[in-house]
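This report covers aromatic ring pairs and the nonpolar core of one model. The structure comes first, then the details.

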Amino acid sequence: SFVDLISEGTPGLLIVTKLMATNLLFGYSCCLIAGIGFAVNYLPVKSCDIGDGIFFSAAMSVGILLVGLVTGMFLTSTPNVEIPAFEPLAAAGGAMWMLGNLMCPYIIQTIGLGLGLTVWDLSNMLMGWVTGYLGLFGLPKEQDVKQPWANFVGLVLASVSLIFFSLASAFDDFEPAREVEIKKVNSDASTAASCGDLPDIEDGQNVQKPTLKHGERGADASDRANRMKAMLGFSMAILAGVLFGSTFDLPMDLKNGVFGPDHSQHIMDYVLSHFIGIFAAASFALTVYIKVRGKKSQLPRQLIVPSLVSGVIWGIAQVAWFQANIEVGFAIAFPIIGSLPGIIGLFIGCCCLGEVRTTRSRIFSLVGLLLRVPGVLLIALSSV
């Protein structure tokens, strides 16, 4: 500790160097904990049907709140197990995250999981990086980046790798579906042959009978509606990522005295308020959902326990991210924590879940991995 180094007569510069090395190690450890947590937090519900996601988000927020209570009692600057003061602005930051999270089911429905995940992950990563690197929204400009070129190149590599991971996911989902479709076509052809309903054949060629096109205007209108939905989904994915990337700004502003000197300078004092905001937003959304849908609301009881476990894991990862922002800064923590879940999730999917089954998905995954690993290393080394 600092006191021990002073008592041993250690020179001042060496004290600073040792403390910085300790903080970096602690910060990278927090990044690793967060990366692992975000990689595995949805595993408890992987085999569950989460429906439209509203009830899942609400149940998950209860697990998050439990982590917030433990953090508020044992990891804050308050004496004994006293809960720190509630901070509405920190809660607003949590509500922002939940708002983005509630958008995700619609985004997935309109543009797909692969593209949606890529867009909101990328905008999340870039939002957090830009905020810290340039010192936006009341945050001080990052001083932890000693090698800006390494940080920037690492960020670009990590960002590009998202595209390849998205392609890997798309091809992994596409091939089994394509195989099912081929089997269905073959089955239909066999059925048709057995019934004598074969296509006309003339000189060894299939002759397709002319058909009349009906409802072309309706089809055009449907295409336009689908394009509009896709544009809306894409825009919402960007917005969701911006909300995810801004969730720490208000707690950090409170800690840094932007809203006055009467607020705590200990970041853990804001975690519980932040998580209360997540819980309140999810509860409000669930209430409105039940009011609107009535008996059509999807409220599966079997989803409660897995969602709670998922929320607990997510909450622990988020607490680690709070601390990582302090130790290594936004410009380093955001790209690393945004990249690690993809790397860890790839290994879990390949080794334990039988994912990444096709040749093309494996190639895209490998390319993404070859981009992301050096990117993470460059970002980590940019603080040295």
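A residue counts as buried when its relative accessible area is under 20%. Phe-248 has 1% relative accessibility and is therefore buried. Trp-321, at 7% relative accessibility, is buried as well. The model is a predicted one.

**Aromatic pairs**

Searching the whole structure gives 14 aromatic pairs. Two of them are set out below.

| Ring pair | Distance between centres | Angle between planes | Class |
|---|---|---|---|
| Trp-97 and Trp-314 | 4.3 Å | 45° | tilted |
| Phe-248 and Trp-321 | 5.2 Å | 55° | tilted |

Trp-97 belongs to helix H4 (residues 88-111) and Trp-314 to helix H10 (residues 304-328), so this pair ties together parts 217 residues apart in sequence. Both Trp-97 and Trp-314 are buried. Phe-248 sits in the loop between helix H7 (216-246) and helix H8 (249-255), while Trp-321 is in helix H10; the pair therefore ties together parts that are 73 residues apart in sequence.

**Nonpolar core**

The largest nonpolar core contains 75 residues. Ile-107, Phe-275, Trp-314, Trp-321, Ile-336 and Ile-337 have the most contacts inside this core. Helix H11 (residues 330-352) gives the most to the core, with 12 residues.

Apart from neighbours within four places in sequence, Ile-107 is in contact with Gly-112, Gly-116, Trp-120, Gly-233, Met-236, Ala-237 and Ala-240.

Methods. Residues numbered from 1 in each chain as written. Predicted model: local features only at pLDDT ≥ 70, side-chain atom pairs only at ≥ 80, totals over all residues. Heavy atoms only, no water. Phe/Tyr/Trp six-rings, centres within 6.5 Å; stacked < 30°, edge-to-face > 60°. Helix = DSSP H or I, 4+ residues; strand = E, 2+ residues; numbered from the N terminus. Buried < 20%, exposed > 50% of the residue type's maximum accessible area, 1.4 Å probe, protein only. Core = buried A, V, L, I, M, F, W, Y, C linked by side-chain atoms within 4.5 Å. Contact = heavy atoms within 4.5 Å.
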